[in-house]
Amino acid sequence: MTPDVSLRPYNTFGVEARAAYFAEFASVAELRTALRQAVPPVLVLGGGSNILFTRDWPGTVLRNRICGIEVVRRFPHRVWVRAGGGEDWHELVMWAVRQNFGGIENLSLIPGSVGAAPVQNIGAYGVELKDVFISLEAVELATGRLRRFTRQECRFGYRDSIFKQQEKGRWCITAVTLSLTTDRHRLNTSYGDVARTLADMGVGNPTPAHISEAVVRIRQAKLPDPAHMGNCGSFFKNPEVRQEVWENIRQRYPNAPHYPLPNGHIKVPAGWLIEQCGWKGRRVGNVGCYEKQALVLVNHGGATGQEAHALAQAIAASVAAQFGIALEPEVNVW
Ligand SMILES: Cc1cc2nc3c(=O)[nH]c(=O)nc-3n(C[C@H](O)[C@H](O)[C@H](O)COP(=O)(O)OP(=O)(O)OC[C@H]3O[C@@H](n4cnc5c(N)ncnc54)[C@H](O)[C@@H]3O)c2cc1C
């Protein structure tokens with residue numbers, strides 16, 4: 001357990017904050033030892049790509065380094081793959097693509113750890129983690145007890161799970177098991193620019209590897225790389241609004257992008273709302289709204305977490321004033 005550690009290298013927004021105590025663990029046994037020594041409160045950290053520190057962490061930060069990827073069951077057309085919570089998510093996707101396993105190729109290049117993926121049910125290009133999820137193993141922080149959670153028990157929703165709700169901050173996810181196809185892949189090319197990019201690549205009959213490559217190309221062209229410009233990806237969730245709220249927007253903006261949902265609500269892209277409020281590409285001090293995607297807040301260098309949070313609040317206030325919609329952060333703000 002190391003006292004007074006800078007968390008700047010451990011968050012992709014690249015802001016300074018200090019952990020009163022910090023330790024890494026590479027097995028369940030090491031995690032249990034760390035939990036016995038930890039000064040509360042305990043924060044489990046993966047890649048730090050979905051957290052904004054606006055202040056120091058007063059207790060212990062435990063960084064997940066549990067590795068390992070293995071096929072644990074084989075079926076005629078699919079396999080179950082179990083990965084350690086400290087594995088890098090994109091490396092797991094690359095491993096799957098190399099075996100020609102299908103199911104997570106649309107989730108290529110999402111930063112962060114495997115253990116954090118269920119926390120917000122990561123999703124991109126028409127696929128969510130829950131679509132391939134079998135179960136996870138997690139250690140209860142208060143007791144060290146290891147427990148398995150099924151898909152139903154995780155209560156996955158849009159960028160949501162039980163680990164962001166009633167069980168928030170109570171568990172460390174140590175392993176995740178996914179079901180991947182070995183042939184007869186059900187590929188999803190319908191979302192965003194995937195089909196167009198595959199056509200540009202000259203691919204007519206795509207494999208999971210082709211889709212992964214297309215997604216990587218799209219993401220590299222659209223999103224800032226945290227290694228060069230600090231960010232946490234999408235800062236806000238796309239709001240789901242009632243029909244009457246949508247009608248109000250449609251009357252003023254007949255071409256507004258929108259996606260009708262099965263529950264009768266309408267999903268409106270938060271990036272579009274933010275752009276209409278004039279924030280896209282705008283810089284305030286050391287932070288700003290990314291020039292190619294208004295939903296991404298960026299660190300232009302030397303930003304503090306408070307600065308980024310103040311910008312997020314100003315953006316949310318202007319969207320509320322102009323559209324009557326309350327944006328909800330996707331990022332965990334501490
Ligand atoms: C450039 C960029 C693009 C992104 N694109 C997407 C995208 O397309 N789709 C998407 O869904 N997300 C996206 N994200 C967000 C982020 O990558 C995901 O949320 C990712 O799963 C976070 O993983 P992490 O290990 O970095 O989590 P961290 O930031 O370390 O932690 C996030 C939260 O999960 C908790 N947590 C972390 N590990 C564990 C664990 N093992 N057990 C229990 N709790 C844990 C933490 O306490 C914290 O509350 C993007 C981020 C960036 C920077």
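**Exercise 1. The surroundings of His258**

Task: Determine which residues His258 touches, not counting those up to four places away in sequence, and place His258 in the chain.

Solution. 
Step 1. Leaving out residues up to four places away in sequence, the contacts of His258 are Trp246, Ile266, Lys267 and Val268. The model is a predicted one.
Step 2. Locate the residue. His258 sits in the loop that runs between α6 (243-252) and β15 (259-260).
Step 3. Check one distance. Pro269 is 11 residues from His258 along the chain, and their C-alpha atoms are separated by 6.8 Å.
Step 4. Classify the exposure. A residue is buried with 20 or more other C-beta atoms within 10 Å, and exposed with 12 or fewer. His258 has 17, so it is partly exposed.

**Exercise 2. The chain as a whole**

Task: Compare the radius of gyration of the chain with that of a compact globule, then describe its contents.

Solution. 
Step 1. For 334 residues, a compact globule would have a radius of gyration near 20 Å. The chain has 20 Å, so the two agree.
Step 2. Take the box. Along the principal axes, the C-alpha atoms fill roughly 60 × 50 × 35 Å.
Step 3. Count the elements. The chain holds eight helices and 20 strands.
Step 4. Look at burial. Of the 334 residues, 43% count as buried.
Step 5. Look at contacts. Among contacts with a separation of 6 or more, 62% link residues 24 or more positions apart.

**Exercise 3. The two sides of helix α1**

Task: Decide which residues of α1 are buried and which are exposed, and find what the buried ones pack against.

Solution. 
Step 1. Helix α1 spans residues 28-37, and its Leu31, Ala34 and Leu35 are buried.
Step 2. These residues cover an arc of only 100° around the axis, so they lie on the same side of α1.
Step 3. Turn to the other side of α1. There Ala29, Arg36 and Gln37 are exposed.
Step 4. Find the partners. The buried residues of α1 pack against β2 (18-25), β3 (42-45), β5 (57-64), β10 (133-140) and β12 (171-181).
Step 5. Follow the chain onward. Pro41 is in the loop between α1 and β3. A cis peptide bond joins Pro40 to Pro41, with omega about -5°.

**Exercise 4. Strand β10 and its partners**

Task: Work out how β10 pairs with β12 and with β11.

Solution. 
Step 1. Strands of a sheet pair through backbone hydrogen bonds, either parallel or antiparallel.
Step 2. Begin with β12. Seven bridges join it to β10 in the antiparallel sense. One partner pair is Ser135 with Thr177 in β12.
Step 3. Go on to β11, residues 146-150. Five bridges join β11 to β10, again antiparallel. Leu136 has Phe149 in β11 as its bridge partner.
Step 4. Inspect the connection. β10 and β11 form a hairpin with five residues between them. In the turn, Gly144 has a positive phi of about 80°.

**Exercise 5. An open sheet**

Task: Give the order of the four strands in the open sheet and name its edge strands.

Solution. 
Step 1. The order is β13-β19-β18-β17, with antiparallel pairing.
Step 2. The edges are β13 and β17 (283-284), each of which pairs on one side only.
Step 3. Zoom in on one pair. β18 (residues 287-289) and β19 (residues 296-299) run antiparallel and are joined by three bridges. Gly288 stands opposite Val298 in β19.

**Exercise 6. The ligand shell**

Task: Characterise the residues around the ligand.

Solution. 
Step 1. There are 34 residues around the ligand, and Gly46, Gly47, Gly112, Gly115 and Gly233 come nearest.
Step 2. Assign elements. β3, β8 (123-124), β12 and β13 (230-234) each give two or more residues to the shell.
Step 3. The shell has 18 nonpolar residues, 16 polar and no charged.

Terms used. Residues are numbered from 1 along each chain as its sequence is written. This is a predicted model: local features need pLDDT of at least 70, side-chain atom pairs count only at pLDDT 80 or more; totals for chains, interfaces and linings use all residues. The radius of gyration is taken over C-alpha atoms; the globule rule is 2.2 Å times the number of residues to the power 0.38. Two residues are in contact if their C-beta atoms, placed from the backbone, lie within 7 Å. The arc is that of the directions from the helix axis to the C-beta atoms. A residue is near a molecule or strand if its C-beta atom, placed from the backbone, lies within 6 Å of it. Ala, Val, Leu, Ile, Met, Phe, Trp, Tyr, Cys and Pro count as nonpolar, Asp, Glu, Lys and Arg as charged, and the others, Gly among them, as polar. Two strands pair if DSSP finds at least two bridges between them.
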